[in-house]
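I opened the notebook to look up a few residues and their surroundings. My notes follow the model below.

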Amino acid sequence: EAIMFLFFIALMIQAIIERKVRKNMIENEIDNLPIYPEHRVAYHPTTAKIFDRFSDISTYLLEVNNNIVDEFKDSLNYIQLTILELLQISESQYWPAYKD
């Protein structure tokens with residue numbers, strides 16, 4: 001019973017993400033997004049493909065003597081920045097500061 005409820009919540013979140021991206025594509029006059037392999041376009045992006053564009057993004061922490069001395073982040077490409085903009089998420093929100 002609880003698993004079905006969690007599945008329902010996951011489906012609702014997925015629908016909200018897709019709706020927000022598609023609605024903002026219309027408002028920003030974006031016909032499609034090149035989110036499929038080989039930069040093929042999607043006219044109605046799905047949550048799975050949206051998330052897939054971020055699957056290889058990483059952040060790295062440099063630790064010396066058990067202290068974090070630096071943090072490195074992969075650069076986001078144009079399509080990733082566009083998706084974040086369509087979701088109304090800033091790059092600083094996507095990359096929250098590391099808290100020790």
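I began with Leu 33 and listed its contacts (heavy atoms within 4.5 Å). Not counting residues up to four places away in sequence, Leu 33 touches Val 21, Met 25, Arg 40, Val 41, Ala 42, Pro 45, Ile 79, Thr 82, Ile 83 and Leu 86.

I noted that this is a predicted model, where local features need pLDDT of at least 70 and side-chain atom pairs count only at pLDDT 80 or more, while totals for chains, interfaces and linings use all residues. Residues are numbered from 1 along each chain as its sequence is written, and side-chain values use heavy atoms, with hydrogens and water left out.

Buried means under 20% relative accessible area, exposed over 50%, and partly exposed in between, with a 1.4 Å probe and protein chains only. This core has 16 residues, and Val 21, Leu 33, Ile 35 and Ile 83 touch the most other members. Two or more residues each come from α1 (2-27) and α3 (78-86); helices are DSSP runs of H or I, at least four residues, numbered from the N terminus. The largest share, four residues, comes from α3.

I then checked α3 itself. Its buried residues are Ile 79, Gln 80, Thr 82, Ile 83, Leu 84 and Leu 86. Their cover includes α1, α2 (47-52) and α4 (91-94).

Pro 45, Thr 46 and Thr 47 are in contact with Glu 18, leaving aside its neighbours within four places in sequence.

Technical notes. A nonpolar core is a set of buried Ala, Val, Leu, Ile, Met, Phe, Trp, Tyr and Cys residues joined through side-chain atoms within 4.5 Å.
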